[in-house]
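Subject: Structure handover

Hello,

Here is the structure we talked about handing over. Please look through it first; my notes follow below.

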Amino acid sequence: MVVEKLNDDKIEAKLDNLPGWTVVDGKLHKQFQFSSFVEAFGFMARVALAAESMNHHPEWFNVYNRVTIDLMTHDAGGISELDFELAKRVEALAG
């Protein structure tokens, strides 16, 4: 399956459906905050399973109760539909 990079207009339109997500350095970006490290780590484990099932993996960073996620499709050279699909799953998992 060939995944294509979305143009800026499509990205901006799709961001309307993902509150809190922005584009930073050409990647979909959001920071999540939880009540504890354990809660943040549990969230990361759930996201890891969803990402693996899609064979589409995030760039992420965790410090204590915060998880920062960046999404882009390397094969497409930018943001694609896959990134938005994973972002939607991440939102559902974040509750």
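How do the residues lining the largest pocket divide into nonpolar, polar and charged? The lining has six nonpolar residues, five polar and one charged, where Ala, Val, Leu, Ile, Met, Phe, Trp, Tyr, Cys and Pro count as nonpolar, Asp, Glu, Lys and Arg as charged, and the others, Gly among them, as polar.

Some ground rules. This is a predicted model, in which local features need pLDDT of at least 70 and side-chain atom pairs count only at pLDDT 80 or more, while totals for chains, interfaces and linings use all residues. Residues are numbered from 1 along each chain as its sequence is written, and side-chain values use heavy atoms, with hydrogens and water left out.

Buried here means under 20% relative accessible area with a 1.4 Å probe, protein chains only. Leaving aside neighbours within four places in sequence, Phe43 is in contact (heavy atoms within 4.5 Å) with Phe32, Phe34, Val67, Ile69, Val90, Leu93 and Ala94.

The strands
S4 has five of its six residues buried. S4 runs antiparallel to S2, joined by six bridges, with Gln31 opposite Thr68. Strand S3 (residues 59-63) also pairs with S4 in the antiparallel sense, over five bridges; pairing requires at least two DSSP bridges between two strands. Trp60 has Ile69 as its bridge partner in S4.

Regards

Technical notes:
Helix = DSSP H or I, 4+ residues; strand = E, 2+ residues; numbered from the N terminus. Buried < 20%, exposed > 50% of the residue type's maximum accessible area, 1.4 Å probe, protein only.
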